[in-house]
Amino acid sequence: MLHSIKVVLLLILIAVGQSHAQKVSTAKPWTFWWWMGSAANEQDITAQMEGFKKAGLGGVHIIPIYGVKGYEKEFLPFLSKDWLAMMQHTVREGKRLGLGVDMTTGTGWPFGGPTVTPETAARTMNVKDGKIAVKPTGQKVKRAAPGGEGLVLDPFHPTAMREYLTWFDSTLIQSPERPRSMYNDSYEAYGANWTVDFPKEFARRRGYDLLTKLDILTDTTTKLPAQLVRMDYHQTIAELLLERYAQPWTQWSTKNGFQTRYQAHGSPGNLLDLYDAATIPETEAFGTSRFPIPGLRIDPDYSIQQFGTPNPLAMKFASSAAHFSGKPLVSSETATWLANHFKVSLSQVKPQIDELFTAGINHVFYHGTTYSPPSENYPGWLFYASTHFGPTSHFAAQFPLLNRYVENCQTLLQNSQVDNDVLVYFPIHDLWATNSPSGGGVHLLEVHHVDRWLLKLPFGKLCEKLWEKGFTFDYVSDLQLSRLRVAKGGSINSGHSTYQTILIPASTYLPETTLKELQRLAALGARIVFEDHTPSHVTGFDGADRRQEQFTKSLSRLLKGKTVSVTSDWEKTLISNGAAQEEMAEKGLTFIRKVYDGKAMYFVANVGDDFKEDWLKLGKDSYFTRYDPLTGEETELPARRRGNSTEHFLSLLPGQSCFLKGTTTKPNLETANVLANNFPVNGNWAVTFLKGMPSLPKPTSVSTLKSWTTFSDSAGYFSGTARYTLSFEVPENIATQKNIVLDLGDVREAASVKLNGKPIGVAWSIPFQLKVPAETLRAGTNSLEIEVSNLSANYMRLRDQQAPDWKKFYDTNIVDITYKKFDASHWEAMPSGLLGPVRLRY
């Protein structure tokens with residue numbers, strides 16, 4: 001009875017809290033919004049939010065950070081009365097404009113600030129002369145805003161998180177207007193590996209006194225006792241992080257009506273369990289993926305490897321947790337430092353977003369936009385580690401087109417269910433058994449360098465093969481296994497997603513509790529496949545010899561199950577167990593398969609250079625339409641029968657993407673329409689500079705398309721828009737073709753096109769091609785007008801020579817992607833304009 005009363009009270013509290021929360025659409029992309037020094041005012045907030053609405057954004061995420069020199073009198077201390085008033089104004093304006101508002105539960109990152117005492121601050125330990133030495137890490141909140149400075153809290157402390165949140169109970173929670181969601185940035189509590197009651201908790205959880213095994217803990221060899229103690233130490237760290245950091249924060253947020261967005265990566269815990277604790281798991285795409293798409297530029301300044309590259313296998317930790325637990329949204333910090341400042345093009349952004357979509361992300365947050373007073377001179381206030389998506393960005397005019405593309409994609413991705421066949425067990429104990437290369441002696445599962453932990457494991461190698469061979473899969477943790485149920489026929493259900501097989505990577509260690517769960521599932525008919533061999537050792541140091549004997553017997557009994565197999569030919573076994581293998585993956589395409597309106601649906605992206613067009617056999621035998629989220633056009637997908645299956649003809653050039661939507665209607669088209677012919681569009685191009693900085697170069701004409709930076713010295717510093725005009729002749733046999741595409745070749749960076757005075761579109765992504773509407777092209781003389789906008793990098797070359805006064809920020813003043821002082825004055829001029837060749841494809 002008492003338990004029931006508590007449940008009812010909790011539900012009432014949640015309902016009361018949620019009455020303050022926002023109800024917003026999430027199909028549109030959102031943006032990080034840095035408040036520098038929180039030097040904000042209502043008038044400028046309203047103006048910027050109206051601009052966000054016009055650009056096609058769906059919401060903002062407030063992050064208070066360090067300030068701008070010269071504006072100290074306007075700084076608003078975090079959670080002060082004036083700061084809260086500004087936050088409430090933002091939420092009210094968001095409701096008026098239909099924009100959502102999220103905020104960080106703190107300033108900068110990670111959690112910490114003035115209320116964190118030395119007793120609740122992060123601690124580090126090391127073993128010296130056989131004894132543990134413990135001291136504070138001394139780390140303070142990175143990029144803290146005024147009023148948010150202070151020590152980073154101890155993420156393993158029994159009460160630190162709850163004490164930290166009381167700061168918000170007496171301030172934020174009293175506000176009548178509140179954000180939709182609380183946010184936790186990536187872990188980054190460097191060196192934290194101990195807490196005040198760690199020895200006590202370790203003994204309670206692991207069954208022995210760690211302080212008597214310090215010689216084994218510090219043994220860096222591969223001896224079994226050392227590996228077992230290391231695993232016990234890491235498991236205790238992981239449990240404390242989940243129970244004392246992630247769960248109290250999410251529970252507090254839920255009680256007060258907030259959702260939670262959680263970047264669990266970078267932490268020493270099991271990412272699947274941590275992401276699972278949040279309403280919206282969030283991954284991170286930092287840097288460039290270096291896709292081999294022809295024409296895709298990789299910033300030459302990105303010669304460093306310190307940040308690695310984004311990897312879809314790392315992104316799938318967040319999406320797997322969401323799929324497993326039925327969370328409708330999976331977000332991503334998107335396009336963080338995709339290239340150096342003033343050098344990012346939308347054609348670089350799109351394939352990074354496409355990669356996120358194929359990895360299961362469906363709620364994009366640009367990283368990002370800086371609050372900047374409209375009165376501030378160009379380029380305004382900028383955050384040091386971002387792609388500039390704000391109103392002074394060089395692609396601001398085309399930004400709504402990217403946002404429309406993202407909205408079209410996310411509308412389908414958010415309103416569909418994932419259809420993955422394989423559940424891959426994440427054997428984290430094998431990682432914990434190894435020596436950590438990171439500081440503090442703990443493994444930090446970060447997204448910047450998956451080569452340091454994910455890809456070196458048999459788990460990572462197996463998942464790479466699954467991805468490349470076209471199998472659909474999610475990950476599962478030790479804790480999550482207990483929530484699985486088995487349906488008639490052997491399918492495995494998490495309560496929200498259904499799988500055909502549990503796949504265990506080649507691994508060495510397995511917890512007894514995990515083995516028992518596998519036994520339970522096998523007894524119910526679940527199909528379980530061990531890659532190559534079974535684990536050979538039980539985890540845990542205490543009583544290992546005694547428990548190992550029982551572990552071996554239990555494992556032997558498991559292998560006698562009719563639905564359990566050990567094989568190196570796991571590919572064949574997965575197929576026989578009902579998993580579909582999508583051949584498009586081996587042909588060079590990436591995808592995610594989902595169910596939309598009861599029918600199969602694929603989002604397909606070509607982020608390589610192997611595929612252009614071909615007949616494909618899809619894993620789901622159905623007819624399909626092709627939906628282009630770039631244009632909103634939906635057409636029949638050509639199909640033909642081959643034996644007992646259907647093949648579809650897909651034309652998808654490098655850089656392109658589309659949805660394939662299942663339909664019961666057989667297409668009328670059974671033959672492919674291949675654009676095999678090219679007609680060159682040549683002549684004398686007149687070039688007129690329309691608008692830009694620092695001044696307009698003189699008009700000119702060229703017979704061979706080349707970068708306008710070669711026209712004159714002034715053109716080498718010009719950032720803005722130029723118009724290219726041309727008259728050209730077209731034979732009647734070409735003008736009367738039904739399907740014609742205008743291929744602009746290489747465009748630096750976006751082109752708005754008119755053909756015979758009629759707008760036919762804006763080309764802003766690779767390939768720079770536009771469909772020519774029927775009856776627009778004519779036999780004989782045609783006129784072509786192309787307005788091309790370039791990057792702001794060339795102007796900044798001059799600006800940093802003449803007036804570098806815009807760099808006036810506290811903390812990390814503006815730096816480049818190598819974390820050196822930013823200076824564009826030494827840059828070479830970047831190619832700009834219409835580079836071609838221009839041609840008609842038919």
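## Overall size and build

The radius of gyration is taken over C-alpha atoms, and the globule rule sets it at 2.2 Å times the number of residues to the power 0.38. Keep that rule in mind as we look at this predicted model. For 842 residues, a compact globule would have a radius of gyration near 28 Å, and the protein has 28 Å, so the two agree. Along the principal axes, the C-alpha atoms fill a box of roughly 90 × 75 × 55 Å.

The protein contains 20 helices and 43 strands. Of its 842 residues, 61% count as buried. Its accessible surface comes to about 32100 Å², and carbon and sulfur atoms account for 51% of that. If you take the contacts with a separation of 6 or more, 79% of them are between residues 24 or more positions apart.

Let's zoom in on one sheet. Strands of a sheet pair through backbone hydrogen bonds, either parallel or antiparallel. Here six strands form an open sheet in the order 34-33-35-41-38-39, and the pairing is antiparallel. Strand 34 (700–702) and strand 39 (758–763) are the edge strands, each of which pairs on one side only. On average, neighbouring strands of this sheet are turned by 25° against each other, direction ignored.

Within the sheet, strand 33 (residues 685–693) and strand 35 (residues 719–730) run antiparallel and are joined by seven bridges.

Proline 694 sits in the loop between strand 33 and strand 34. Another cis peptide bond joins arginine 748 and glutamate 749, with omega about 20°. Glutamate 749 belongs to the loop between strand 37 (746–748) and strand 38 (750–755).

## Two aspartates with positive phi

Aspartate 129 is not a glycine, yet it has a positive phi of about 55°. You can find aspartate 129 in the loop between strand 5 (123–128) and strand 6 (131–136). Is aspartate 129 buried or exposed? Aspartate 129 counts as exposed because its relative accessibility is 75%, and the cut-off for exposed is over 50%.

Aspartate 811 also has a positive phi of about 55°, although it is not a glycine. Its place is the loop between helix 20 (793–802) and strand 42 (833–836). With a relative accessible area of 46%, aspartate 811 is partly exposed.

## A buried tryptophan

Our last stop is tryptophan 252, found in helix 7 (residues 224–255). Tryptophan 252 has a relative accessible area of 7%, so it is buried; the cut-off for buried is under 20%.

Which residues does tryptophan 252 touch, not counting residues up to four places away in sequence? They are Thr105, Leu165, Phe168, Asp169, Ile173, Met182 and Phe258. With aspartate 169, the side chain of tryptophan 252 makes a polar contact of 2.8 Å. These two residues are 83 residues apart in sequence, and 9.6 Å separates them in space, C-alpha to C-alpha.

Definitions and conventions. Residues are numbered from 1 along each chain as its sequence is written. This is a predicted model: local features need pLDDT of at least 70, side-chain atom pairs count only at pLDDT 80 or more; totals for chains, interfaces and linings use all residues. Side-chain values use heavy atoms; hydrogens and water are left out. Two strands pair if DSSP finds at least two bridges between them. Helices (H or I, at least four residues) and strands (E, at least two) are DSSP runs, numbered from the N terminus. Axes are lines fitted to C-alpha atoms, for helices over the stretch in contact, and angles run from 0 to 180 degrees between N-to-C directions. Buried means under 20% relative accessible area, exposed over 50%, partly exposed in between (1.4 Å probe, protein chains only). Contact means heavy atoms within 4.5 Å. A polar contact is a pair of N or O atoms within 3.5 Å; within protein, one must be able to donate a hydrogen and the other to accept it, and residues adjacent in sequence count only if both atoms are side-chain atoms. Accessible areas come from the Shrake-Rupley method with a 1.4 Å probe; for residues, only the protein chains shown count as cover.
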